[in-house]
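Have the sequence and the 3D view open as you read.

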Amino acid sequence: MTKVAIWCRHEGDDIIGIGPTIPWQIKSDTIRFRNLTLGQTLVVGQKTYESFPGRTLPNRKFAVVTFDKNYEVSDKENHFVVNDIRQLKDYPEDLYISGGASIYELFFSTPDMRPDIVVDCLYHGTLNPDLEGQPISVHKSVDIMQQNYMQLPAKFDLDNITTTVWLKKGDFVEQSLVKKILNYLETEGK
Ligand SMILES: NC(=O)c1ccc[n+]([C@@H]2O[C@H](COP(=O)([O-])OP(=O)(O)OC[C@H]3O[C@@H](n4cnc5c(N)ncnc54)[C@H](OP(=O)(O)O)[C@@H]3O)[C@@H](O)[C@H]2O)c1
(Lines give C-alpha, C1' and ligand atoms only; values in the text may rest on other atoms or scores of the structure.)
Protein backbone atom coordinates (compact mmCIF):
# COMPACT_ATOMS: atom_id res chain seq x y z
CA MET A 1 0.00 0.00 0.00
CA THR A 2 1.30 3.43 -0.94
CA LYS A 3 0.13 6.55 0.87
CA VAL A 4 -0.17 9.67 -1.28
CA ALA A 5 -0.86 13.06 0.31
CA ILE A 6 -2.43 15.57 -2.03
CA TRP A 7 -3.13 19.22 -1.26
CA CYS A 8 -3.19 22.67 -2.75
CA ARG A 9 -1.71 25.30 -0.41
CA HIS A 10 -1.37 29.04 -0.74
CA GLU A 11 2.15 30.29 -1.38
CA GLY A 12 3.71 32.03 1.64
CA ASP A 13 1.26 31.07 4.40
CA ASP A 14 0.35 27.46 3.47
CA ILE A 15 -3.37 28.19 3.89
CA ILE A 16 -5.62 25.44 2.48
CA GLY A 17 -8.98 26.63 3.76
CA ILE A 18 -10.94 29.42 5.40
CA GLY A 19 -13.70 28.02 7.59
CA PRO A 20 -15.04 25.05 5.64
CA THR A 21 -14.11 26.42 2.21
CA ILE A 22 -11.09 26.34 -0.09
CA PRO A 23 -10.39 30.07 -0.70
CA TRP A 24 -9.86 29.85 -4.46
CA GLN A 25 -11.80 28.33 -7.29
CA ILE A 26 -9.67 26.99 -10.09
CA LYS A 27 -11.25 24.47 -12.38
CA SER A 28 -8.00 22.73 -13.30
CA ASP A 29 -7.18 22.28 -9.59
CA THR A 30 -10.49 20.46 -9.05
CA ILE A 31 -9.93 18.40 -12.21
CA ARG A 32 -6.39 17.44 -11.12
CA PHE A 33 -7.66 16.29 -7.73
CA ARG A 34 -10.49 14.36 -9.38
CA ASN A 35 -8.29 12.65 -11.97
CA LEU A 36 -5.57 11.66 -9.52
CA THR A 37 -8.05 10.22 -7.00
CA LEU A 38 -10.68 8.53 -9.18
CA GLY A 39 -11.28 4.93 -8.09
CA GLN A 40 -9.13 5.41 -4.97
CA THR A 41 -9.69 5.44 -1.22
CA LEU A 42 -9.48 8.95 0.24
CA VAL A 43 -8.68 9.59 3.90
CA VAL A 44 -10.41 12.75 5.09
CA GLY A 45 -11.21 14.44 8.38
CA GLN A 46 -14.82 14.77 9.36
CA LYS A 47 -14.87 18.49 8.50
CA THR A 48 -13.54 17.98 4.98
CA TYR A 49 -15.96 15.07 4.49
CA GLU A 50 -18.87 17.30 5.56
CA SER A 51 -17.70 20.00 3.12
CA PHE A 52 -18.43 17.78 0.09
CA PRO A 53 -21.98 18.14 -1.30
CA GLY A 54 -23.95 15.16 -0.02
CA ARG A 55 -20.79 14.07 1.90
CA THR A 56 -19.53 12.17 -1.10
CA LEU A 57 -17.56 12.34 -4.34
CA PRO A 58 -18.38 10.02 -7.23
CA ASN A 59 -16.24 6.89 -7.78
CA ARG A 60 -14.21 7.25 -4.64
CA LYS A 61 -14.15 5.40 -1.33
CA PHE A 62 -13.78 7.31 1.91
CA ALA A 63 -12.10 6.61 5.23
CA VAL A 64 -13.56 9.32 7.46
CA VAL A 65 -11.40 10.21 10.46
CA THR A 66 -13.39 11.27 13.54
CA PHE A 67 -13.26 10.77 17.28
CA ASP A 68 -16.98 9.96 17.13
CA LYS A 69 -17.40 6.17 17.29
CA ASN A 70 -21.05 6.47 16.23
CA TYR A 71 -20.46 8.76 13.23
CA GLU A 72 -22.80 7.83 10.38
CA VAL A 73 -21.33 8.03 6.87
CA SER A 74 -23.52 8.92 3.88
CA ASP A 75 -22.75 5.71 1.94
CA LYS A 76 -22.28 2.60 4.07
CA GLU A 77 -21.06 0.51 1.13
CA ASN A 78 -18.15 2.77 0.14
CA HIS A 79 -17.37 4.92 3.17
CA PHE A 80 -16.17 3.87 6.59
CA VAL A 81 -15.17 5.47 9.88
CA VAL A 82 -11.67 5.49 11.31
CA ASN A 83 -11.13 6.57 14.93
CA ASP A 84 -7.38 5.94 14.89
CA ILE A 85 -5.32 6.22 11.69
CA ARG A 86 -3.29 3.14 12.70
CA GLN A 87 -6.39 1.13 11.79
CA LEU A 88 -5.29 1.87 8.19
CA LYS A 89 -1.80 0.43 8.61
CA ASP A 90 -2.56 -2.75 6.67
CA TYR A 91 -5.19 -1.35 4.35
CA PRO A 92 -5.05 -3.44 1.15
CA GLU A 93 -5.17 -0.57 -1.35
CA ASP A 94 -3.38 2.75 -1.85
CA LEU A 95 -4.55 5.62 0.35
CA TYR A 96 -4.93 9.23 -0.78
CA ILE A 97 -4.64 11.52 2.23
CA SER A 98 -6.85 14.41 1.22
CA GLY A 99 -7.17 16.75 4.18
CA GLY A 100 -7.93 18.79 6.02
CA ALA A 101 -5.01 20.26 7.91
CA SER A 102 -5.54 18.14 11.03
CA ILE A 103 -5.44 14.92 9.01
CA TYR A 104 -2.32 15.85 7.05
CA GLU A 105 -0.67 16.74 10.35
CA LEU A 106 -1.77 13.48 11.94
CA PHE A 107 -0.12 11.44 9.17
CA PHE A 108 3.03 13.56 8.89
CA SER A 109 3.62 13.60 12.64
CA THR A 110 3.21 9.82 12.99
CA PRO A 111 6.52 8.52 11.53
CA ASP A 112 5.26 5.05 10.56
CA MET A 113 2.15 6.52 8.92
CA ARG A 114 3.88 9.25 6.91
CA PRO A 115 2.81 9.56 3.26
CA ASP A 116 5.24 8.01 0.76
CA ILE A 117 4.45 10.59 -1.93
CA VAL A 118 3.25 14.19 -1.67
CA VAL A 119 1.55 15.91 -4.59
CA ASP A 120 2.30 19.49 -3.55
CA CYS A 121 0.26 22.11 -5.41
CA LEU A 122 1.20 25.71 -4.66
CA TYR A 123 -1.31 28.43 -5.48
CA HIS A 124 0.28 31.80 -6.25
CA GLY A 125 -2.88 33.94 -6.49
CA THR A 126 -4.94 35.87 -3.94
CA LEU A 127 -7.36 34.36 -1.43
CA ASN A 128 -11.11 34.96 -1.74
CA PRO A 129 -11.60 38.03 0.54
CA ASP A 130 -15.33 37.38 1.07
CA LEU A 131 -14.97 34.23 3.16
CA GLU A 132 -15.51 34.29 6.90
CA GLY A 133 -13.90 31.90 9.33
CA GLN A 134 -10.55 30.73 10.59
CA PRO A 135 -7.70 30.42 8.10
CA ILE A 136 -6.47 26.81 8.14
CA SER A 137 -2.83 26.18 7.31
CA VAL A 138 -0.67 23.11 6.68
CA HIS A 139 2.60 24.78 7.72
CA LYS A 140 3.44 22.08 10.31
CA SER A 141 3.06 19.34 7.69
CA VAL A 142 5.08 21.40 5.19
CA ASP A 143 7.92 21.72 7.73
CA ILE A 144 8.00 17.94 8.20
CA MET A 145 7.85 17.43 4.44
CA GLN A 146 10.73 19.82 3.80
CA GLN A 147 12.92 18.03 6.33
CA ASN A 148 12.08 14.42 5.48
CA TYR A 149 11.22 14.35 1.80
CA MET A 150 13.08 14.85 -1.47
CA GLN A 151 11.51 17.14 -4.06
CA LEU A 152 11.66 15.83 -7.61
CA PRO A 153 13.04 18.42 -10.06
CA ALA A 154 10.03 18.48 -12.42
CA LYS A 155 7.70 21.47 -11.95
CA PHE A 156 4.29 21.70 -13.57
CA ASP A 157 2.64 25.11 -14.01
CA LEU A 158 -1.03 25.49 -14.79
CA ASP A 159 -3.46 28.34 -14.02
CA ASN A 160 -1.31 30.03 -11.35
CA ILE A 161 -0.59 26.74 -9.56
CA THR A 162 2.81 25.04 -9.54
CA THR A 163 2.76 21.34 -8.75
CA THR A 164 5.78 19.35 -7.58
CA VAL A 165 6.10 15.82 -6.23
CA TRP A 166 8.01 14.90 -3.06
CA LEU A 167 9.15 11.41 -2.05
CA LYS A 168 9.85 10.19 1.47
CA LYS A 169 13.60 9.86 2.00
CA GLY A 170 15.12 6.56 2.95
CA ASP A 171 12.19 4.31 2.07
CA PHE A 172 11.25 2.37 -1.02
CA VAL A 173 8.57 4.30 -2.91
CA GLU A 174 6.48 2.49 -5.51
CA GLN A 175 8.00 3.84 -8.75
CA SER A 176 5.10 2.86 -11.00
CA LEU A 177 2.77 5.10 -9.01
CA VAL A 178 5.29 7.98 -9.06
CA LYS A 179 5.53 7.59 -12.85
CA LYS A 180 1.74 7.50 -13.21
CA ILE A 181 1.39 10.74 -11.22
CA LEU A 182 4.20 12.48 -13.14
CA ASN A 183 2.75 11.34 -16.47
CA TYR A 184 -0.59 12.79 -15.52
CA LEU A 185 0.92 16.11 -14.43
CA GLU A 186 2.98 16.27 -17.64
CA THR A 187 -0.11 15.99 -19.84
CA GLU A 188 -2.76 17.88 -17.84
CA GLY A 189 -4.19 20.95 -19.47
CA LYS A 190 -2.73 19.98 -22.87
N1 LIG B 1 -6.77 23.06 -0.29
C2 LIG B 1 -6.79 21.76 -0.06
O3 LIG B 1 -6.05 21.00 -0.67
C4 LIG B 1 -7.74 21.19 0.96
C5 LIG B 1 -7.93 19.80 1.05
C6 LIG B 1 -8.81 19.32 2.03
C7 LIG B 1 -9.46 20.21 2.90
N8 LIG B 1 -9.23 21.53 2.77
C9 LIG B 1 -9.85 22.49 3.70
O10 LIG B 1 -9.38 22.20 5.02
C11 LIG B 1 -10.34 22.69 5.95
C12 LIG B 1 -10.68 21.59 6.95
O13 LIG B 1 -9.51 21.23 7.68
P14 LIG B 1 -9.57 21.00 9.26
O15 LIG B 1 -8.20 20.69 9.71
O16 LIG B 1 -10.29 22.14 9.89
O17 LIG B 1 -10.58 19.77 9.40
P18 LIG B 1 -10.46 18.21 8.95
O19 LIG B 1 -9.05 17.77 9.09
O20 LIG B 1 -11.13 18.04 7.64
O21 LIG B 1 -11.39 17.50 10.02
C22 LIG B 1 -11.16 17.70 11.41
C23 LIG B 1 -11.85 16.59 12.16
O24 LIG B 1 -11.12 15.37 11.99
C25 LIG B 1 -11.26 14.58 13.17
N26 LIG B 1 -9.95 14.34 13.74
C27 LIG B 1 -8.88 15.18 13.79
N28 LIG B 1 -7.85 14.60 14.46
C29 LIG B 1 -8.28 13.38 14.83
C30 LIG B 1 -7.66 12.30 15.54
N31 LIG B 1 -6.40 12.39 16.00
N32 LIG B 1 -8.37 11.18 15.74
C33 LIG B 1 -9.65 11.09 15.30
N34 LIG B 1 -10.29 12.09 14.63
C35 LIG B 1 -9.61 13.21 14.40
C36 LIG B 1 -12.14 15.38 14.12
O37 LIG B 1 -13.47 14.98 13.83
P38 LIG B 1 -14.62 14.95 14.99
O39 LIG B 1 -14.77 16.39 15.41
O40 LIG B 1 -15.82 14.40 14.29
O41 LIG B 1 -14.11 14.05 16.08
C42 LIG B 1 -11.91 16.79 13.66
O43 LIG B 1 -12.95 17.68 14.01
C44 LIG B 1 -11.54 23.16 5.13
O45 LIG B 1 -11.42 24.54 4.91
C46 LIG B 1 -11.35 22.42 3.81
O47 LIG B 1 -11.98 23.06 2.73
C48 LIG B 1 -8.40 22.04 1.81
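This is a predicted model: local features need pLDDT of at least 70, side-chain atom pairs count only at pLDDT 80 or more; totals for chains, interfaces and linings use all residues.

## Before we start

A word on naming: helices (H or I, at least four residues) and strands (E, at least two) are DSSP runs, numbered from the N terminus.

## The chain as a whole

The protein chain has five helices and eleven strands. Its C-alpha trace spans about 45 × 45 × 30 Å along the principal axes. For 190 residues, a compact globule would have a radius of gyration near 16 Å, and the protein chain agrees, at 16 Å. As for burial, 29% of the 190 residues of the protein chain count as buried.

## Around the ligand

How many residues surround the ligand? There are 26, and the closest are Gly17, Gly45, Thr48, Gly99 and Gly100.

Strands S1 (3-10), S2 (15-18) and S3 (41-45) each supply at least two residues of the shell, and so do helices H2 (46-51) and H3 (101-108).

The peptide bond from Gly99 to Gly100 is cis, with omega near 0°. Most peptide bonds are trans. Gly99 is found in the loop between S6 and H3, and Gly100 is found in that loop between S6 and H3 as well.

Is Gly99 buried or exposed? Gly99 counts as buried because it has 24 C-beta neighbours inside 10 Å, and the cut-off for buried is 20 or more. Gly99 and Phe33 are 66 residues apart in sequence, yet C-alpha to C-alpha they are 12 Å apart in space.

## Strands side by side

S1 is mostly covered, with seven of its eight residues buried. It pairs in the parallel sense with strand S6 (residues 95-97), over three bridges. S1 also runs parallel to strand S7 (residues 117-123), and seven bridges join these two. Ala5 is a handy landmark here: it stands opposite Ile97 in S6, and its bridge partner in S7 is Val118.

S3, one of the strands that supply the ligand shell, pairs with S4 in the parallel sense over five bridges. Leu42 stands opposite Phe62 in S4. S4 is mostly covered too: four of its five residues are buried.

Which residues of H3 are buried? They are Ala101, Ile103, Tyr104, Phe107 and Phe108. These cover an arc of only 165° around the axis, so they sit on the same side of H3.

Now for H5 (residues 175-187). Helix H5 has 13 residues and reaches 18 Å from its first C-alpha to its last, close to the 18 Å expected at 1.5 Å a residue. H5 is followed by Gly189, whose phi is positive, near 75°.

## Loop residues worth a click

Most residues other than glycine have a negative phi. Arg55 has a positive one, near 50°. Arg55 lies in the loop between H2 and strand S4 (61-65), and it is partly exposed because 17 other C-beta atoms lie within 10 Å. Asp159 also has a positive phi, of about 50°, although it is not a glycine. Its place is in the loop between strand S10 (156-158) and strand S11 (161-168). With 14 other C-beta atoms within 10 Å, Asp159 is partly exposed.

One more stop is Thr21, in the loop between S2 and helix H1 (27-37). Why does Thr21 count as partly exposed? Because Thr21 has 15 C-beta neighbours inside 10 Å, and partly exposed residues fall between the buried cut-off of 20 or more and the exposed cut-off of 12 or fewer. Thr21 and Pro135 are 114 residues apart in sequence, while their C-alpha atoms are 9.6 Å apart in space.

Note on methods
Residues are numbered from 1 along each chain as its sequence is written. A residue is near a molecule or strand if its C-beta atom, placed from the backbone, lies within 6 Å of it. Two strands pair if DSSP finds at least two bridges between them. The expected span of a helix is 1.5 Å times one less than its number of residues. The arc is that of the directions from the helix axis to the C-beta atoms. The radius of gyration is taken over C-alpha atoms; the globule rule is 2.2 Å times the number of residues to the power 0.38.
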